[in-house]
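Try each task before you read its solution.

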Amino acid sequence: MVDEALTAGAVARRLGVAVTTLRTWHQRYGLGPSQHVPGQHRRYTPQDMDRLHVMRRLTAQGVPPAEAAAWARRVPVPIDAVTPAPPGPLLFDPAPPGSRDGGGHTIPIGRAGPAARGLARAAMRLDGPALRDIIEMTVTNRGVVRAWDEVIMPVLIGIGSRYSDTRRFIEVEHLLSRSITEALSVVPRPAALPRVLLTAADEEQHTLPLEALAAALAAQGVPTRLLGARVPPRALGEAVARTGPTAVVVWSQTPETADTTQLTALLTGSNRPFLVAAAGPGWAPDKLPDEVPLLGGLAEAVRVLTAAVAT
Ligand code: B12
C-alpha cells in the first residue's frame with residue numbers, strides 16, 4: 001500500500017503556507033499530524049489534509065483562526081478513507097498581494113469584523129459555497145442572533161447601500177440572500193406544534209429577518225410557522241383562523257407595504273391572537289395601533305415571542 005501520509009514540509013508546499021504556520025495551527029488549534037510511526041516524525045494523513053484545506057480556505061477569507069479551526073475540526077473523518085483529496089488549487093484564493101479590494105468592488109461593512117469582511121468578499125466574488133460555509137460556521141459558533149447582528153446584517157445593509165449608490169450588484173445581493181436563506185434553514189426545528197406565525201406584509205418581498213427570527217426561535221426550542229413573502233391580508237386572516245396562533249409578527253421593510261389595516265384586521269378578527277407585533281423599518285411607530293408593539297431587533301423579538309408563548 002502506498003503511504004499517503006505527508007511530512008510537514010510537503011503539506012506546507014501543497015497548501016502554500018509556511019511550515020511555522022502549520023506548527024502554530026498544530027500547537028494552538030490541534031490541527032496537527034495524526035499518523036505516528038515509532039522513531040519518525042508524525043505525518044499528515046489525508047483526513048488531516050482535509051481539515052487543513054478548510055483551515056487554509058477560511059483564514060484566507062479573513063475568518064479569525066480560532067473560528068476557522070473550530071470549523072476545520074468538524075470536518076468528518078471517514079473511518080477507512082485512504083485516498084487523499086486531490087491537492088488542486090485553493091478553492092477561494094485570497095486577494096493577491098497589493099490588490100485593492102476597494103474601489104468599485106467592496107461592500108461597506110463599517111466596523112463589523114473579519115467574518116463579515118470574509119462574507120462581503122465572498123458575496124462580491126459570487127462564491128456560493130464560501131457564502132454558505134461562512135454563514136453556517138458563524139451560526140454554529142456564535143448562535144443565530146449574534147451571527148445575524150454581527151455578520152449577516154452589516155453585509156446586507158452594506159450591499160443595500162452599494163445598490164442604492166450604483167444601481168448595480170443585484171446579482172450579488174440575490175446570491176447572498178439565497179445563501180442566507182439556505183444556511184438559516186438548516187438550523188434544526190423543534191418538532192412541537194408552532195404557536196408563532198411569522199409573515200411578510202402584503203406585497204412585501206423582504207423575508208430574511210423573519211427567516212433569522214424563525215431560526216433564532218428554533219434554537220430556543222420555539223417552533224414557528226413562516227408564511228413568507230407578499231401575504232395578502234385575506235390569506236393571513238385565513239392562516240390565523242386555521243392555525244390559531246398565540247403570536248403573529250408582520251414584517252414591513254419599506255413604508256409602501258406598511259398598511260396598518262392588516263394589523264387592525266388581526267386585532268378585530270374573531271381569532272385574535274394574544275400578541276400581534278409589527279417588525280421592520282417600514283412601520284411608522286406613531287401610526288401603529290396601541291396594542292401592537294414594534295419589535296426593534298432580533299434579540300428583542302426572540303425575547304418577546306419566547307415570553308408570549310410561555311404564557
Ligand atoms: C435582500 C434585499 C432584497 C431582497 C429580499 C430577499 C429576501 N428573501 O428577503 C429582494 C431582491 C427581494 C429585494 C427586493 C426589493 N428591495 Co430590497 N433590499 C434587500 C437588502 C439588501 C436586505 C434586506 C434585509 O433583509 N434587511 C434587514 C436588515 C439587514 O436591515 P434593516 O431592516 O435595515 O435592519 C434594521 C431593523 O430592521 C432592525 N432589524 C434587523 N434585523 C431584524 C430582525 C428582526 C426580527 C427585527 C424585529 C428587527 C430587525 O435592526 C436594524 C437596525 O435598525 C436591503 C438593504 C437594507 N438596508 O435592509 C434592501 C432594501 C431594503 N431594498 C430596497 C428596495 C428599493 C427594494 C425593491 C423596491 C427593489 C426593486 N426596485 O424591486 C424591492 C422591494 C419589493 C417589495 N415590495 O418588497 C431598499 C429600500 C429603500 C427604502 N427604504 O424604501 C433597500 C434599503 C436597499 C437600498 N438601500 O436601496 N430586496
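**Exercise 1. Getting an overview**

Task: Work out how many helices and strands the protein chain has, and what share of its residues counts as buried.

Solution: Keep in mind that this is a predicted model. Start with the secondary structure, which comes to 12 helices and 5 strands. Next, turn to burial: 45% of the 311 residues count as buried. Finally, look at the contacts between residues with a separation of 6 or more; 70% of these join residues 24 or more positions apart.

**Exercise 2. The cobalt atom**

Task: Find which residue is the protein donor of the cobalt atom of the ligand, and say where that residue is found.

Solution: His206 is its only protein donor, through atom NE2 at 2.3 Å. Then place this residue in the fold: His206 is in the loop between strand E1 (196-200) and helix H9 (208-219).

**Exercise 3. A pair of helices**

Task: Describe how the axes of H2 and H3 cross, and which residues meet there.

Solution: Two packed helices are described by the angle between their axes and the distance between the axes. Here, the axes of H2 (residues 19-29) and H3 (residues 46-60) come within 12 Å and cross at roughly 105 degrees. An angle of 65 to 115 degrees counts as roughly perpendicular, and H2 and H3 are therefore roughly perpendicular to each other. Now list the residues: H2 contributes Leu22, Trp25 and Tyr29, which meet Leu52, Met55, Arg56 and Thr59 of H3. By type, this contact has 5 nonpolar residues, 1 polar and 1 charged.

**Exercise 4. What surrounds the pair**

Task: Name the buried residues of H1 and find which helices they pack against. Then ask how far Arg43 is from Ala8 in sequence and in space.

Solution: In H1 (residues 8-15), the buried residues are Ala10, Val11, Ala12 and Leu15. These buried residues pack against H2 and H3. Just after H1 comes Gly16, with a positive phi of about 75 degrees. Arg43 is partly exposed, at 26% relative accessible area. Between Arg43 and Ala8 there are 35 residues of sequence separation, yet their C-alpha atoms are 6.9 Å apart.

**Exercise 5. The nonpolar cores**

Task: Find which residues have the most contacts inside the largest nonpolar core, and see what Ile180 touches.

Solution: The largest nonpolar core has 54 residues, and Ile107 and Ile180 have the most contacts inside it. Another core, of 22 residues, lies apart from the largest one and includes Leu6, Ala10, Leu52 and Val63.

Definitions and conventions:
Residues are numbered from 1 along each chain as its sequence is written. This is a predicted model: local features need pLDDT of at least 70, side-chain atom pairs count only at pLDDT 80 or more; totals for chains, interfaces and linings use all residues. Side-chain values use heavy atoms; hydrogens and water are left out. Donors are N, O and S atoms within 2.8 Å of the metal (3.2 Å for Na, K and Ca); water is not among the atoms, so sites may look incomplete. Helices (H or I, at least four residues) and strands (E, at least two) are DSSP runs, numbered from the N terminus. Axes are lines fitted to C-alpha atoms, for helices over the stretch in contact, and angles run from 0 to 180 degrees between N-to-C directions. Angles under 35 degrees count as roughly parallel, over 145 as roughly antiparallel, 65 to 115 as roughly perpendicular and the rest as oblique. Contact means heavy atoms within 4.5 Å. Ala, Val, Leu, Ile, Met, Phe, Trp, Tyr, Cys and Pro count as nonpolar, Asp, Glu, Lys and Arg as charged, and the others, Gly among them, as polar. A nonpolar core is a set of buried Ala, Val, Leu, Ile, Met, Phe, Trp, Tyr and Cys residues joined through side-chain atoms within 4.5 Å. Buried means under 20% relative accessible area, exposed over 50%, partly exposed in between (1.4 Å probe, protein chains only).
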